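Here is a quick tour of a two-chain model, written for someone who likes the cut-offs spelled out. Have a look at the structure first, then read on.

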Amino acid sequence: MIATDVVERTLGVALSRGGDFAEVFAEDRSSVSARLDDGRVEELATGRSRGVGIRVVRGETTGFAHTADLSERGLAAAAEAAAAASTQAGEPVQVAALPDAPVGPDGPAAAVLPETVTKDAKVALLQRADAAARERSGSIRQVSAAYADGRRRILVANSDGVFAEDDQVRTRFMVSCVAEGDTGLHTGTEAPGRTVGFELFDEFEPEDIARVAADRALTLLSARPAPSGRLPVVLKRGAGGVLFHEACGHGLEADLVRRDASVFRNKVGEQVASPLVTLVDDGGFAHEWGTFTFDDEGTPAARNVLIEDGVLTDYMWDLVRSRAAGRPSSGNGRRETYRHLPMVRMTNTYLLAGETEPDAIIADTEYGLYCVALGGGQVNTATGDFVFGVTEAYLIENGVITEPVRAAQLIGNGSDALRQVDAVGNDFDTWAGTCGKEGQGVPVSSGQPTLRVAELTVGGTAA
Amino acid sequence: MNTELLTLVRGIVGKATADEQVEAYAAHSLDTDVKVFEGAVEEMAVAESGGVGVRVVVDGRMGYAWVGSLAPDLVAGVLDEARDNARFAAPDEWNDLPTVADARAVPVADLHLWSEDLASVPTVDKVALALALERTAAGLDPRVRGVESASYGDAAMESAVASSLGVEATSRRTVCSCSVSALAGEGDGTRTGYGFSVGRTLADLDPDTAARDAIERSTRLLGAAPVSSRRVPVIFDPLVTRSLLGILGAALNGEAANKGRTMFLGREGEDVAAASVTLVDDPTDPRAYGAAPYDAEGLPTRRNALIVDGVLRGFLHNTSTGRRAGVGTTGSAVRGGYASPPGVGARALALAPGPRSPEEILALAGNAFYVQSVSGLHSGTNPVSGDFSLGAEGLLVRDGAFAEPVREVTIASTVPRMLLDVVEVGSDLTWLPGAAVGLTLLVGEMALSGA
């Protein structure tokens, strides 16, 4: 993307006013998105973005500037601006010599690069999904479908001599259906995504995705309002990983821990969860939505155990926080684009499977809620309080899944919920989403086996 | 910069052929962001960014392409890319771009949204404001154990749009804000509170009030606990009202209405809310954060009354959705930047204020649940049916005064039910960041689920 000698000189300019660390991050991304609604392909859009972000760190202060001008002059101007923004003078560190070429994969880990697939073929997927959803039932009133692929090439160089590049290709497909019946209009959505190319559709046929979304909406037609109160909640494999992402993952990010905005501060080595819980964050988990080879600071992706048998083992780290703590980064430094500063972010975060048969967990539950799909959620990391929308759920009565319920929220506290996990299944699945933090969105996945939380507050609308 | 952007978009639409319509949009932004922590600058970012988006319509087929750069080599290919993309979309008779007649249908509001002053504010003053904000917040109350974040940010944003049908517009605005988040209490009893201030330039900001708000909001929730489930009248804090208006705005979106995806479908002319409810989207009010003289298609914005004395008057539209609905545009095209084509949305939704202050509303309610913040707004709301169930924290109100703080409960109702149950709209119009304006709102009984 940028010649090695230009990168080295830019790092030199960045440190010209002093500093402990300087970094050049270049990014070139392209995207294709297509949207079908109401039976018609409404829009095919393509985009391209390219630029460089430069930061200079001195002490606890980070100066940052970015530019879309990739000429050496443009880079020097941004490096000057970042140096000035760090507003510190003093002796700079020596820029470590960079290798001749960056380390990194030879190309993206995609079998079929989306850019080699015609726009016709992408649009055809939308029409297949539309037809399959409508075939499901006459009660399906509206179908919308979206296709998106993106390729993101990054180059990172820093004054410590890190020089890495990565080439990330992601593909996602979304179907959303509205069903109409006596209880009104209800929406069902399904949206799988992977860090792969067009081969995503070998794993997920558009028709299958459409049927899941349609059935979810249709199920809600016969659903009655969810009960309220404190209940045992069984989370189906894959469905509840996002709850642990929100309710505990964020609190294990070292930048939030430092701000005293985490209930897990000073808890390393302590029992913070049920002994059944082992929580892992793994940026190298093959093909998952939050996967990469190098993070956005040039650190290789790693598998990090955060909680082992209920004991807090470590937080997640980026370069700034790990340098301050005198330890290596855990490969969790990520940013939305070159226009953003990196910070500690999750990648693919999941609970490891246990030994219990999922059916046995349900059979062992006298009365509770069985959640098959959750919508988004939110957490206050300082308090651990979270809330989650449930988009597909059923009652469990006398150990049997009975009728569907709708319009429920799960609310609780992350520490509480972790301690209350009292059964963990031997199955596993993942879920793709976008994680937002301080205005930056990055692709992540979460995963978990079927498990039961002994008690959570369910906020339903039943009278 | 405005002139350069206009030249750029004119250059693109000037290449339109006789059988196509082309619209180009270009934007440029200069941003400064300062974050401080424990008395030192933690992050200081200065950034210049820009991009171009091009919409092409050929025989009713729409294609879109964008580039996140104003660099000529990247901009050069955007028109051809948009043309190619148009080949794959289905034709839609309503896709034609707005005309010069559309642009002249209403006068352009004379808004002063640009502060020359901002450009001359030295960086050290911005840093000083953020540091003072943190210091003030940390020192106001011994129960505050720390300041989670304190920051200052500003942006100078300019844009230009032009079309081959002759529509042209340029606009520019500055925004400036500071915010602070305080931590009160210890361990599991920690409560957080947020305060902020917005304006067009640094001198407009009131960091002391932001700090006081954050402290009050965190400390008054100390000792909060779930309460038992009940049905209770609810008072919404202005920030929460703002969020709820956002949901309402989505339900009054003309695109959603055209596709049958709104709880207000076919209800124009009917009573959809209590008589005290008048809801207006008025981007021509310069006090609104989302104020703008032109919409995303370059048409003049205007004051749109959506609900008047409880009666639904209509929906918000852009050119395409307005034509399809047979009512014409309401100048409500919005876009999330150059990377997306114009959609439909509100910019400055506000309820007409009522006669009573927040204190009078508390007294009027007697016993109620005061909701300071809600969570799960996106996951917990069904924009089609209007059902919602939200996580909430706040305070019980007893005999007109704040009593026990409450956390970890949910409130549930439906948007149509809630609108009809509005008892009182506050007089405290609060200008907030975002596309809606806050005030205190008292609503009849809702289901509160707790312990």
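## A sheet in chain A

Strand S11 (residues 303-308) of chain A pairs with S12(A) in the antiparallel sense, over two bridges. A pair here needs at least two bridges found by DSSP, and the elements themselves are DSSP runs numbered from the N terminus: helices are H or I with at least four residues, strands are E with at least two. Glu308(A) sits opposite Val311(A) in S12(A).

These strands belong to an open sheet of six, ordered S12-S11-S10-S15-S22-S21 in chain A, with mixed pairing. At its edges are S12 (311-312) and S21 (429-437) of chain A, each pairing on one side only. Helix H6 (residues 241-249) of chain A packs on the sheet, touching S10 (279-282), S15 (348-351), S21 and S22 (440-448) of chain A. Its direction makes about 120 degrees with that of S22(A); axes are lines fitted to C-alpha atoms, for helices over the stretch in contact, and angles run from 0 to 180 degrees between N-to-C directions.

## Ground rules

This is a predicted model, so local features need pLDDT of at least 70 and side-chain atom pairs count only at pLDDT 80 or more, while totals for chains, interfaces and linings use all residues. Residues are numbered from 1 along each chain as its sequence is written, with chains lettered from A and ligands numbered from 1 in the order in which they are written.

## A helix in chain B

Now for H6 of chain B. In H6(B), Lys126(B), Leu129(B), Ala130(B), Leu133(B), Glu134(B), Thr136(B) and Ala137(B) are buried (20 or more other C-beta atoms within 10 Å of a residue's own; exposed means 12 or fewer, partly exposed is in between, and C-beta atoms are placed from the backbone). Down the helix axis, the buried residues of H6(B) fall within an arc of 165 degrees, so they line one face; the arc is taken from the directions from the axis to the C-beta atoms. The face turned away carries the exposed Val124(B) and Gly139(B).

What do the buried residues of H6(B) pack against? The partners are strands S1 (21-37), S4 (144-163) and S5 (168-184), plus helix H7 (207-219), of chain B.

## Where the chains meet

In all, 58 residues of chain B are in contact with 66 residues of chain A, contact meaning C-beta atoms, placed from the backbone, within 7 Å. S2(B) gives the most to chain B's side, with nine residues.

Five bridges join strand S2 (residues 40-58) of chain A to S3(B), and the two run parallel. Arg48(A) has Val67(B) as its bridge partner in S3(B).

Note on methods. Two residues are in contact if their C-beta atoms, placed from the backbone, lie within 7 Å.
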